[in-house]
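Biologist: I've got a new model open and I'd like to learn how to read it. Could you walk me through it, feature by feature?

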Amino acid sequence: MKGYTWRVVVVLGVLLAAVVYVVPTFKPGIWPHKQINLGLDLQGGMHLALEVETQKAVDGTLDRIQGELRSLLREERIRHSRMETSGDNGLVIGLMDADDVEKVEDLIENEFEEVSVRSSSRTQNDVKVKIAIIGERAGQIRDQAVEQALETIRNRIDQFGVSEPDIRVQGERRILIQLPGVTDTDRAKELIGRTAQLEFKLLDEDNSLQRALEGQVPPGSEILYQSGDTAQEGRRPYLVKKDTLLTGAYLEDARVKIDSQYNEPYVTIDFDRRGARIFERITAENVKKHLAIVLDNNVYSAPVIQEKIGGGTARITGNFSMQEAHDLAIVLRAGALPAPVEIIEERTVGPSLGHDSIRMGLISMAVGGILVLLFMAVYYQLAGLIANTALVVNILFIAAGLAAFGATLTLPGIAGIILTIGMAVDANVIIFERIREEQRLGKTPASAVAAGFDRAAVAVLDANVTTLIAALVLYQFGTGPVRGFAVTLSLGVLASLFTALFACRLIFDYFYSVRRMKTLSI
């Protein structure tokens, strides 16, 4: 029969590929390929809702502007008595000389896009300029903080090794996270929630730490504590200058290494080219001084700079376990959160609930499938058995598609599979009824089969293609479980079209055109 051989090759090829993709799910390790991923509702895991403290991102921008402005005032030899935040996204700059007001206003206008001069005043005792972040820019900073937080958290979770996480923005400031299969919830929360603001600051060795602890903190300095200890009494204080010499923004890589002398893990960090130049300059200008490595306002170490350090490499030491060092390297590589995040909702889905869901879903599939198989075999005889074979292959193709595309099987996804089983049976019923009509007209079995498939093809295509379009729309605009349903429904429709119109016809052609069976069993 014309075209029979190549159709056999196509069907066998697709069948073989499906088996290759499905087998690792049931027998892991037999060959290297991904298994079918199970969603949070099937294998259990963790659900978090985070709220980004976007105002802290605005405050951070204001702190950066404050630091840059101090440097510029020094360069321009403009004396100022104070510079403090005003509480409405603004700064108040107290000047020593009234003639400098216009200079400061020009400086603000030419050097800073985010802020504008709100007001200026000159009195006998006080000369001040008030600046504030432009309202539109403040909104942009808040929006960018949420987007950047989403990207940073996604990078961290990817490096944490969670397969198929669901991370998305909800509303203006919230981020929803679903982590299937995560059991160490404390470690996951620590990894996700850490701000990871890395800074290099000099210790203030010109003033007394003891006097600072007694409340006399010198201007431009602050007290920070050694990280790692939880007990207040055990924390080691440092008097640190507020000015940040270098931040983690220039970080290029972070890796865990083992100290050969003490056999302890530490984290080595590499700066990019610009960061390396800054780090080299800092170390050259501050030889014999202590340089504090500060992460999220905790001092990790404060070594003495012995000499100029080139190459842009530094190390963070501490009493790390291997897991802590590994997690620290992850958050440093993924970058800092632009603002702190607060966990406002936390739920843990137990694996037993997932097992129950799988069991009930499989029972539903089995019961429904067996009833359908029995009905088809009894009502359509040999044609029914062919349809049943196609139905089993159909499910195999859906499973292979899930594994091949790395999609996640969820509980709604199982509902999508059950729905496609019904659609596949419906397609076969339409085809068989057309064949019966042709048979009643007195055609030979081969002619009736050919005419029946040709007449039914349009109706089957119409029903399946419209469903496929609806599924694609669901996938595009849906989230979470809705997407899981759309994925299995789309795969099921495509598999149904292939098995009903291509594979089934191939089997019919084998019986009635190649073997030339005289009786049409349908």
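Modeller: Let's go from confidence to domains, helices, sheets and a few single residues. This is a predicted model, in which local features need pLDDT of at least 70 and side-chain atom pairs count only at pLDDT 80 or more, while totals for chains, interfaces and linings use all residues. Residues are numbered from 1 along each chain as its sequence is written, and side-chain values use heavy atoms, with hydrogens and water left out.

Biologist: What is the average pLDDT of the chain, and which elements have the lowest and highest means?

Modeller: pLDDT is the predictor's confidence in each residue, from 0 to 100. Where pLDDT is low, the predicted coordinates should not be read in detail. Here the chain averages 84, and 95% of the residues score at least 70.

Biologist: How is the chain divided into domains?

Modeller: Domain bounds come from an automatic or database domain assignment. In this chain, domain 1 takes 3-44 + 351-515, domain 2 takes 55-138 and domain 3 takes 198-315. The C-alpha centres of domain 1 and domain 3 are 61 Å apart. For a residue pair, take alanine 463 and isoleucine 305: they are 158 residues apart along the chain, and their C-alpha atoms are separated by 74 Å.

Biologist: Which residues does UniProt list for "transmembrane region"?

Modeller: UniProt positions use the numbering here, with shortened feature names, and the annotations may be inferred rather than shown by experiment. The unreviewed entry lists 358-378, 385-407, 413-435, 456-478 and 484-508. In the model, residues 358-378 are 100% helix and 0% strand, with end C-alpha atoms 30 Å apart. Residues 484-508 are also 100% helix and 0% strand, and their end C-alpha atoms lie 34 Å apart.

Biologist: Is asparagine 394 buried or exposed?

Modeller: Buried means under 20% relative accessible area, exposed means over 50%, and partly exposed is in between (1.4 Å probe, protein chains only). Asparagine 394 sits in helix H10 (residues 351-404), and it counts as buried because its relative accessibility is 1%. Alanine 463, in helix H12 (residues 445-477), is partly exposed at 32%.

Biologist: What is asparagine 394 in contact with?

Modeller: Contact means heavy atoms within 4.5 Å. Leaving aside neighbours within four places in sequence, asparagine 394 is in contact with Thr420, Ala424, Gly492, Ala495, Ser496 and Thr499. A polar atom of the asparagine 394 side chain also lies 3.3 Å from the backbone nitrogen of serine 496.

Biologist: Now sheets. What is the strand order in the open sheet of 6 strands?

Modeller: Strands of a sheet pair through backbone hydrogen bonds, either parallel or antiparallel. Two strands count as paired if DSSP finds at least two bridges between them. In this sheet the order is E11-E10-E16-E15-E9-E12, with mixed pairing. E11 and E12 are the edge strands, each pairing on one side only.

Biologist: How many bridges join E2 to E8?

Modeller: E2 (residues 45-52) and E8 (residues 174-180) run antiparallel and are joined by 7 bridges, with glutamate 51 opposite arginine 174. E2 also pairs with E18 (residues 341-349) in the antiparallel sense, over 8 bridges. All 8 of the 8 residues in E2 are buried.

Biologist: What is phi of arginine 77 near?

Modeller: Phi of arginine 77 is near 55 degrees, a positive value in a residue other than glycine. Arginine 77 lies in the loop between helix H3 (54-75) and strand E3 (80-85), and it counts as exposed because its relative accessibility is 75%. Aspartate 296 also has phi near 55 degrees. Its place is the loop between E15 and strand E16 (298-301), and aspartate 296 is partly exposed at 25%.

Notes. Helices (H or I, at least four residues) and strands (E, at least two) are DSSP runs, numbered from the N terminus. A polar contact is a pair of N or O atoms within 3.5 Å; within protein, one must be able to donate a hydrogen and the other to accept it, and residues adjacent in sequence count only if both atoms are side-chain atoms.
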